Each structure stands twice: as structure tokens, then as C-alpha cells.
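The explanation below takes each level in turn.

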Amino acid sequence: MNKEGRPTQPQGATPHAPKTFTGARALQIHEALTFETGRNDYTGVDLDPPAPFTSRLGGLERKSEIGLPGLSEPEAMRHYVRLSQKNYAIDMGPYPLGSCTMKHNPRLNEKMARLPGFADIHPLQPVSTVQGALALMEELADWLLQLTNMSAVALTPKAGAHGEMCGMMAIKAAIAARGEAATRKVVLAPESAHGTNPATAAALGFSVRGVPAGPDGLVDTQAVAAALGPDVAAIMLTNPNTCGLFERDIVEIARLVHEAGAYFYCDGANFNAIVGKVRPGDLGVDAMHINLHKTFSTPHGGGGPGAGPVVLSEKLAAFAPVPFLRRDGEALTLVEETDGADSFGRMAAFHGQMGMFVRALAYILSHGADGLARASEDAVLAANYVRVCLNDLFSAPFGDRICMHEVLFDDRWLKDTGVSTLDFAKAMIDEGIHPMTIYFPLVVHGAMLIEPTESESLVSLSLFIATLRDLALRALRGEKERFLGAPYYAPRSRLDETGAARKPVLRWTPPKPAED
Amino acid sequence: MRYLPLSDQERADMLLRIGVETVDGLYADAPRDALLAKPLDLPLRRTELEVERRLSALAKRNVAAGDVPFFVGAGAYKHHVPASVDHLIQRSEFLTSYTPYQPEISQGTLQVLFEFQTQVANLTGMEVANASMYDGSTATAEAILMAHRVTRRRKALVSGGLHPHYAETARTLSDMAEDEIVLLPPDPLATEDLIGLIDESLSCLVVQSPDFFGNLRDLRPLAEACRARGVLLIAVVTEALSLGLIESPGAMGADIVVGEGQSIGNGLNFGGPYLGLFATREKYLRQTPGRLCGQTHDAKGRRGFVLTLSTREQHIRREKATSNICTNSGLCALAFSIHLTLLGEKGLRELALINHANAVALVEALEKTPGVEVLNRSFFNEFTLQVKGSAAQLVERMAARGVLAGVPVSRLLPKAGLDDLLLVASSEVNTNEDRATFVAALREELSLGAGA
């Protein structure tokens, strides 16, 4: 009998980490493409072949091979689990992407969205069989209206940018109804706006006139006044703005815009800072989209789906798209046709992102009026805490001032260090923290936009701050190599984006057979 | 509040460090009279149990597709999704990550997108596909805008076989952008003469197959006529599963293929979130909307993936972007990709065949049912049934009998004079008993109707 058994203490270390046969590094496992491991003649789904029958495909049967490899369930589980392990996620650590609002995604919301009464109903079932779903939409709509103090809400838009489209279409329809379609062709947008704002305006045939920001990071009211005129249809303004600041003169700007006969579209991407604290309807807003996937925590899912309901002022309410809800006593119906009314029409099939509505309402009910306000306050509190703990090292573009839910720094403090904003961000990856939003907004050089959200504990915030301070001091001390080669410990080091764009490879193709 | 980690003491300490007395001091830039002094008069926070009870009660007031014989389609289809799909898309690393802006720590999402793009390109028979759009309807509207950019023409011709919601969506965007769009009248028998209408003024022709009424359309003659006049052929597919059995639009000559990907990997969800598919020819790549994932290598020479050609996109190009789209349908694309990986080519073909067989079985039963007529000469898993009287009322009466019988055409086309048409879809979820129940209930309703 071997009494020693297996060694229980580390014994001697290899001086250099060896290269592995598989290329793996323990938990970091290389994962091939399904196209390299799967077989076109294999399926991981058991299906019973149908009894012989006469096809009615009208002679349009597919003849050639498609090229879709199949995997068994165990292979598929490994493939996707291994891939998932190459992703960072909110559930792993801080994800302080400014403007993107990576807050905690409650799992109750996932559970509720999967109830068969929500997940397994068809948008075109008789409305008599989906009264609970319509009641849920009505309840969500009511919350959104109360939280914004607006007159109507369009639930159909599928994401923030689609919501912008919705709001601007309502504005365009209202202008046309006034007989001014031919003259009001300009939309004002500050230089700090999200790219979606000018892109939306341009897609609807407007030309975009930029509005400069003042030295305080706020839209310059004088500049707005100067840019307004009988050719202006609307202003698109984000509030709180993309520099993380509340537009102090917003009521005055709204007044000027209305006086000039134009409408005020508010980009609601940052509504999460003011929910339960300030109602956009009280500021003079005519239309605003609400990113349910930001403010109301529906998961971002690696790039969607989102949902972008749009609230409208009384002036624009009649122009809202179809479908919309109508209550008739106990019963709810969907108005699906415009029938010659002012509605600008339909902007997508069916009735909107129901799966997101369920999650958002679960979030709203869980928080309640008190919790929603508290969440906004905590988000603002966290951002300001980060601000005061970093502002002796980092440079703030608009001076030392209170911010809303996100704090903006520029790269002046990195001058002469040889370290760029990008390098700094990549070094954060090695520390196990997702970088902040970088190089946005465009009005600030080398921007770093940090949005900690209300989901971070003080322990987590403190470690985040300590880490950024340590990195900052190293950058200032000239430890360049820590940054320029970063990330060192991620599943991949820096990727060649220029090469990817120069010669795009957007799909897998079979390798050419080797020549003899 | 269970989602908010800070304690009151920690909040107080943080305020002290910041140097303001109260949290409202942080809202000093908000207009004084707009800052709410106290919480709105709305319900206060609730426990997880309370929320669960409340929402479950609402859910129970709906008739779930899985609980009844179910034949509803018209652009959204009920299919069985393997349990592993929903399990995998709930992995935190997929569910709670953002758009992959930092590729070094987003290779999971990016590789999935690369595989998804390859699957969609192969399935549609096209050279390239993007990383998804919101849904089939918005993808169609975007395809028309793209055709305008490619051809430098601004007039679209839309077949009467296109899903009416898609046509309306395209018309709204087209009207707003001040482009021209011609929507042909609804075409239940697929007899419209499209070739005769194709001319050099058009940027694109939009045709759906299987069309809204279930008919399959041979795109080859249309593609030829389009090519001769410099017109792009946009093929629309609202039932992605059909591509397992039917010749791909790419092989038939389409220039852009758009579609609804919901029926692979994604549930009905009352209409959303769904998944827009978008595929085209490589030469039009730089006019394509939406995100694209491309293969590259890292500093150590290892294969990796990044978002690429972003100079087309709004965050770089702003008002000159090819589209305003930002967030797309990432997680729905993941579900699609996982389900399709499990199916593989073999499973996809089998599943599509089962769907067709089930629809054929139902059609054969209905052809023996007096008082109704199947209008289709060809179909995949959905067809149009002509009934006596109002299809909408019939559907209501069938629902009262516990059968969700389909979509009355008048629900989407109330003014087309097609009140007697019913769209009926049949997938692998329908059993022989479901079909028998459907036909028996229909016979009873028809005989009652005849007696009335």
C-alpha cells in the first residue's frame, strides 16, 4: 500500500509557463468553429420522418447542399459554454460603459417573460385570447406615462434608434399636417449627440444642423436661438446629455424651440438618471424614447434585442403609430389600422417587443415608485463618488462639477505618457474590469465615459476606483509596456481591425484542398 | 430594495466624500420646480413573490399556443425549440454582455455572430449576411433603402404577396423619406404579372416566397427580368424553416434576401423580440445596413473576430450612415444559431419536410370538407382557406371551441374584400389529433352556419 498518496503541497515550479499541446490555458480553451467540427449529415435533434406523401412545393424543392453542420447536444453545450467563457458580462464584474447602462438584470424578469402565457402566445391570436397580455402592455404604458408626465406612448419601436425614428416620424407627420412639410427640413443636433440622432434625421429626409456645446459641456442656449428659424422642424437633444450633465437651460431651450414652431425630441438614453426625480413632460419635451434595455434593465444580450417605446406630448399624440391599445370597458382591443386618422402608420410588424415589456414591468413593479427614484439616486451617487475619487489624477473636460449618472474624463492627463485612452482601456481588461465607453462623446478628446450604475456595491466601487488609480499612477510613472501590449491575459490580445476591414472575411468557407 | 446594494450608512458616507448634504444636491442642475419633492403617487416596491403572483395572474388570462390545437401563422410560427437553446442563451456571459465593442473579451459573442452570418448566408444562398436586424419587416424596409443607394433610383415595386405589415412598414419609411413605393393589391392566387411591371425607373422589386397567402413563387424569371433592367430583386422569407426544403432565393437570383428568423430558435413572444435576417451579394457590402462581424487575427497571430466595416454605421458616419440601427437582435441570433447548429443540414431538411407533410395532411383533409376551399396550388406549411362568410367570426367561434384556427386575412387587410379568407399554418407541433379536432370543429361550425 502506498501510504504517501498524492502530493498535497505544490512542489517546484516551472520557471516559464510552458506552451500547451492544445493551445489551451486551463480554463481558457480554444474553440473551433461549428463549421470545422460539425457534420452536414448529422443532427442533434431527434425527429420522426413523416409517412410518404405527395409534395406540393410546385417544383421548387431545394436541390443543392446548404452547408450547415450539425452537432449533438453534448457537443453543442460544450461549444457554446466554451464560447461564453470568452465573454465579459455584468454578472462577472463592473461594466461601466457610459451611455449604455449596464445595470443588473434581475432573473425574476427572465422567469416572468418565459411564462407560457407571455412567451407562447401569437401576436395574431384573437384578442379575446390575449387579454392578459394587452393588460400588461396597458399597465407598462401607464407607468411610462406617469414617470414621464406625457400624453401618449407608442410601444412598437424595437430599440432606441427605432424609437428615435418613431418620434421623428410623429414630428414629421405633425409638421405635414400643419402644411409646413416643404419648409421645415432642418433638424438641430448638438455635436455631442449619439450618432443615431443625425442618422435618424437624415434617414427621414431632414438635413442636420449642428449646435455647438459651450465650455461647460452644456448646449449653448444662444447657439440654439441662433440656429432656430422657420426652416427648423425639431431639435434632438439628449438629457441628461452624453457628457453626463443635466442640461441646465433645458426649459428655456424648449421654450425657444416651441416659439420657433419646432418640436423638442429628447433622446432618452440617459433617462435612468432621472426616473422618479424629474419628468421629461415637465421640461417641455414633445417626444422621447425610453430604452427598456437600459433604464428598465432588460438584458443587452450581446447586442440586443432592445425595446424603445416613445412617449409623446399632447401635440404629437394623434400622430402615434399603429397599433395602439384601446380600452372598451373591461375589454382591451388593438387598433391596427390608421383608418384615415392622423397616425403616421405602421413601423414594424405586430405589436412591439412583448418579451421586453414583461421584463420591464417586472423591474418596475419590483422597484415601485420609491425604488425607481432610489435607483436613479444611487446611479448618480455612484458616478459622483467615482468622480471625486479620481479627479485628482484624471482630467475632467468641463471642470470639477457635479455629474449625473456618468462621469466624463478626457485624455489631457495622459499627455506625454505615451499611453492613449485605448491603451488605458485595454489595461483595465487585464485587471478584470470592462473598460468604460471610450472616444465618445466626440466633443471631448480621448473621452472616457464612466457609468457605474446603481448595481455596484461600495466594496466593488472601491476596488474599481483603487484599480483605476493604480493604473493611472503607473501610466504617469511611465510604465508604458503595461499598457501598450495590453491586454495580456484576455482570450485574445489586440485584434487587427484595419486588416479585418481591408479584406473582409465575413463567413467561413471550406479550406481549399491542399495541392499535391 | 433587493437590487440596490448600498446601505443608508454607505450612502451617507459617499455623500460626505462628494461634499453635498443630500442626494438632491446632486440634482442641482435640474430646474427647481421640476425636481420631484417626493415619490410619485404610484405603487411602492414589491417582493419577488408579489410580483410573480401579479404577473402570473396576467399570464393566465392568455391562451398559450401549447395548450390548444394551434394553427396560427402569418409571419410568426410555433415550433418546438430544444431545451438546451433556452438554457444556453441564459448563460450570464451571453445574456448580460453588451455589443462587442471590446473584442478581446467578447470573442464568444463575436464567434457566434461569425457562425450566424455563415449560417444565414448558406441558408439564403447569398455571399454575405449581417449580424441581424430587428425583425423581418424592418429588414425589408432597410433592404429597399439599400436598393435605392445601390441603384441611385428611388422607386420600389412591392408584390401583393408581401406580408401586409411588411408592406405597411416599408410604405411608412418610404413616405417619410420621400421615396416612391408602389404596393400592388393583395394577390391571394399569386397571379399578378410582375414581369410586365419591371422597368428602368425601379430600384427594386420586393417579392415574398412562400408569400403571405402561402404560395411558393419561382423567383428565377423575376430575377432575369430585374437583371436586364438594372433592378435589384429583394426576396422576403417570413418562415425561415421553409429554406430547408425550398430552393434558396440566392440560387434563384435574388440580390438581397431578408427574412424573419423567429421560427428557428425563438418563441412566439406575442410578436417580439424577433430576428431580422439580412443577406446580400458581396459587391453591395458597403451599402449594407447593420453590424458585420469579420475574421481577423490578434497580435500573436491567433484567429479572432471583430465588428468590422463600421464606417458604414451611425456611430462613425452619423448623418451619412447606411442606417440608424444600433442595437439589433443579438440574443435572438444566438438562439437561432444554436437551434440551427443542433439541427444541422440533416435536421433542418427533416424538420422542414415534417412541416410540409403536416400541412399537406391538413389540406387533404380540408379538401374533403364541403363548404371550404384551399386556394393554393403550392405551399410549404401554410395555406389560404376560403370559407363561407366571415373568417374572422369563424376564428372567434373556433376559439370558443378551444381551437386557434388561424389568421383571418381581414385582420391585416380589412379593406381588401377578402373577409372569407383564412390563413392556416401547420407545423411539427400539430398532432394527428390536433388536425382531427380542427376539421371536426370546422365541420360543426360550417353546418351550424348553414343552418342559421
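Which residue is the bridge partner of A:Val186 in S4(A)? The partner is A:Val232.

Strand S4 of chain A spans residues 232–238 and is mostly covered, with seven of its seven residues buried. To one neighbour, strand S2 (residues 186–190) of chain A, S4(A) is joined by three bridges, and the two strands run parallel. S4(A) also pairs with strand S5 (residues 263–267) of chain A, again in the parallel sense, over five bridges. Within this second pairing, A:Ile235 has A:Phe264 of S5(A) as its bridge partner.

Chain A is divided into domain 1, residues 109–364, and domain 2, residues 370–490. The centres of these two domains of chain A, taken over C-alpha atoms, are separated by 30 Å. Their contact takes 19 residues from domain 1 of chain A and 18 residues from domain 2 of chain A. On the domain 1 side of this contact in chain A, nine residues are nonpolar, seven polar and three charged.

Chain B is likewise described by domains. Domain 1 of chain B is made up of 65–79 + 345–451, while domain 2 of chain B covers 83–339. Their C-alpha centres lie 28 Å apart. In the contact within chain B, 29 residues of domain 1 meet 24 residues of domain 2. Helix H10 (330–367), strand S11 (382–386) and strand S13 (421–425) of chain B are the elements that give two or more residues to the domain 1 side. H10(B) supplies the largest share of that side, seven residues. By class, the domain 1 side in chain B divides into 17 nonpolar, eight polar and four charged residues.

Finally, the two chains touch each other. Chain A contributes 172 residues to the contact and chain B contributes 165 residues. The largest share of the chain A side, 22 residues, comes from helix H11 (residues 354–390) of chain A. The chain A side holds 90 nonpolar, 53 polar and 29 charged residues.

As to confidence, the model scores ipTM 0.97 and pTM 0.97. For chain B, the mean pLDDT is 96, and 99% of the residues reach 70 or more. Where pLDDT is low, predicted coordinates should not be read in detail.

Notes. Residues are numbered from 1 along each chain as its sequence is written. Chains are lettered from A and ligands numbered from 1 in the order in which they are written. This is a predicted model: local features need pLDDT of at least 70, side-chain atom pairs count only at pLDDT 80 or more; totals for chains, interfaces and linings use all residues. Domain bounds come from an automatic or database domain assignment. Two residues are in contact if their C-beta atoms, placed from the backbone, lie within 7 Å. Ala, Val, Leu, Ile, Met, Phe, Trp, Tyr, Cys and Pro count as nonpolar, Asp, Glu, Lys and Arg as charged, and the others, Gly among them, as polar. Helices (H or I, at least four residues) and strands (E, at least two) are DSSP runs, numbered from the N terminus. pLDDT is the predictor's confidence in each residue, from 0 to 100. A residue is buried if 20 or more other C-beta atoms lie within 10 Å of its own, exposed if 12 or fewer, and partly exposed in between; C-beta atoms are placed from the backbone. Two strands pair if DSSP finds at least two bridges between them.
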